[in-house]
Amino acid sequence: MGPSLSIAGLEVRDPRGRVLLSVPALDVPSGALVGVEGPSGAGKSTLLFALAGLVAARGHVRWGAQDILALGSERRAAFRRETIGMIFQDFLLFEELSAADNAALSALFHPRKARAGLRARARENLTRLGLSGTGARNVTSFSGGERQRVAIARAMASNAPVLLADEPTASLDRAAADRLIDDLVTFVRRTGTTLIAVSHDPRLIARMDRVLRITDGTVSGDTTPNTAEGAQ
Amino acid sequence: MMAVWNALPALWQDIVVMLLLLAPSVVLGGVVLRGFAPWPLVRAILWRFRGASVLFVALIAISVGMGIGLLAQERGLRQGTAQAADKFDLVIAAPGSEITVMMASVFLQPSDMALLDGVTYNEIANAPNVAVAAPLAFGDSYGAAPVIGTTAAFASYLAEGHITGRMWATSSEALAGTLVPLDIGDSFTPAHGHGDGADAGAHGGAQLTITGRLAPTGTPWDRAILVPVETVWEVHGLANGHAPERGAQIGPPFDPAYFPGTPAVVVRSDALWANYALRSDFTRDRETMAFFPGAVLAQLYQVLGNIREIMSLLVLVTQMLVTAAVLLGLFILSRLFRRQIALLRALGAPARFVFAVVWSFGAALLLAGAVLGLGTGIGAASVLSRVVSARTDIVITAPLGWAELHFLAGFISVTLILSLVPAVMVLRQPVVPSLRS
């Protein structure tokens, strides 16, 4: 089981002091699938970056017993390395590398003894995400959906129990997005991963256990979609 | 400590200096890369920016090559000229410019000079310990080859006795330097003067035949035709150094009454110390000057040494500018892959890993440029050597020396240290704006 999330008094301001995000309290149990929706500029991605400890913020963001905001820059990085995987709208792959090398990117900065295991897990993730046999191919030949799968395999190569996704289907056409949603949800449910996904995609949001709505930097809604999957 | 250092053989000193110069880059590389394997990413970035990377490597290679080429060439030139003067232990001439006399006698550069008379020549030739006292006579040419009058003893000494064919026996015979385009048995008529201004018909009656070819000497004398000094005097309508009843004699002794004069006498003595005694004896106000061409060259090197330092400084400044441009370029390039850098941070890569990637990218360009520059420098020095050799007939070889290797090692260490700067600057970029850009 991964860590649960507990937020208390989270506040992110811009350099001028304007409040970008304010979350007084929020709890997410381990293994939950949480969608974050809301208008553009409302603070959804800021929330995601705050959860990953990538922005300066006040308050507490506790993953299990660890308050990531209380850590220094390098310890936050170490925490992300072990605990949090991230995927982005435009995949951010290294175009010159193969799918396998992209998926096993974190092996480059993990200790030598962990590298073989990471590479094996990256290959396994690619297979689980329907990309078996494509590891040696350069990602420039991949479709958008395939690229995002490689990005997911990369995010999960270190067996992180938490996956933060920023608009994972926004760069995909409908059919590709639907296939990716299926694979992503299946993957995280099978591995027990906590998924927090910022998205404008109603079909992705509909597959979540819980949906947070962010408006003007605050959580204005916290609902549970009425789906059979979410009730399981 | 100094005693230990001085006790080391020169080769070991060079090796130690080389290792000391390389040590900072080795230590730096070890510290920066320890525990990481950034090469797949570095290769990916190099490939993505291959055009700019090739340009940077070429810039560095030209800059390094220029430095190495100049260093090697300068040393080669010094060694070549020193070797050319090797056979000229002592030169005695009328008072004037030592450099002018040296350029004329050693490097065969035409020049107007005052003459020594027969009495003086005989005094030189008969001085104790003088083994060879060769009068030189300039002024004629055949094509591009200067025709030099001298003695058989000096011609033989110059070629260390290695003459294909035979030594001249009469005043109508000559020896060809190894680069002269005449074969044994060929005849020619010397022209008066040199180059475009030479008068081919001035010595119309003279017909000289090549009887032998001198072994290569690596000096401008390889392109010269050597004739008995009597021949030069005769074709100019002068007495030939001997009384009429001995007019067919070739070589010393010469009769002072029939000695038309010589601009320089090349002297070789039996012992090294005797050279100093002779120099002292024949350094006389308004009569003669005696000098060691090697010493004059050393003085020239000293003057040129200052120029060399200025050139070295210019090369250094050029390299610093190129390095600064490359480092600035690295920083600009790193801005282009700042999203990937931010991604690495988002995935939990330690700052030191990101630092290692950016530094390794710069280091790869600098090392590739330095290695290519080494090749470029060797090539440039080789081409320059051939050009200078072809123009001066001084054999110049500019092989790679320790000075160039030290220069390269220093360049590598300094630039690898400097490339920490763009790596630090990249690391200071905020992650989230880069991810969102």
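Student: In this predicted model, how much area do domain 1 of chain B and domain 2 of chain B bury between them?

Tutor: Carbon and sulfur atoms account for 60% of the area that these two domains of chain B bury between them. The contact behind that figure involves eight residues of domain 1 of chain B and nine residues of domain 2 of chain B. The area buried between domain 1 and domain 2 of chain B is about 640 Å².

Student: Which helices of chain B each supply at least two residues of the side of domain 1 that touches domain 2?

Tutor: Across this domain interface of chain B the rule finds zero salt bridges, and it likewise finds zero residue pairs in polar contact, with both residues at pLDDT 80 or more. The side of domain 1 of chain B that touches domain 2 is made up of four nonpolar residues, three polar residues and one charged residue. The helices of chain B that each give at least two residues to that side are helix 4 (50–84) and helix 12.

Student: What distance does helix 12 of chain B reach from its first C-alpha to its last?

Tutor: Helix 12 of chain B runs over residues 351–392, which is 42 residues, and at 1.5 Å a residue the expected span is 62 Å. After helix 12 of chain B comes B:D393, with a positive phi near 65°.

Student: How far apart do the C-alpha centres of domain 1 and domain 2 of chain B lie?

Tutor: In the domain assignment of chain B, domain 1 comprises 11–83 + 300–436, while domain 2 comprises 90–291. The C-alpha centres of these two domains of chain B are separated by 52 Å.

Student: Which residues in chain A lose the most area to chain B?

Tutor: The area buried between chain A and chain B is about 2400 Å², and carbon and sulfur atoms give 65% of it. Three residues of chain A together make up 27% of what that side buries, and those that lose the most are A:F94, A:L108 and A:F109.

Student: Which helix of chain A gives the most to the side that touches chain B?

Tutor: The rule finds three salt bridges across the interface of chain A and chain B, and one of the salt bridges joins the side chains of B:R339 and A:D90 at 2.5 Å, N to O. On the side of chain A that touches chain B, helix 1 (44–51) and helix 2 (73–83) each supply at least two residues. With five residues, the helix of chain A that gives the most is helix 2.

Conventions. Residues numbered from 1 in each chain as written. Chains lettered and ligands numbered in written order. Predicted model: local features only at pLDDT ≥ 70, side-chain atom pairs only at ≥ 80, totals over all residues. Heavy atoms only, no water. Buried area = accessible area lost by both parts, 1.4 Å probe. Salt bridge = Lys/Arg side-chain N within 4 Å of Asp/Glu carboxyl O. Helix = DSSP H or I, 4+ residues; strand = E, 2+ residues; numbered from the N terminus. Expected span 1.5 Å × (residues − 1). Domains from an automatic or database assignment. Contact = heavy atoms within 4.5 Å. Polar contact = N/O pair within 3.5 Å; in protein donor to acceptor, adjacent residues only side chain to side chain. Nonpolar A, V, L, I, M, F, W, Y, C, P; charged D, E, K, R; others polar.
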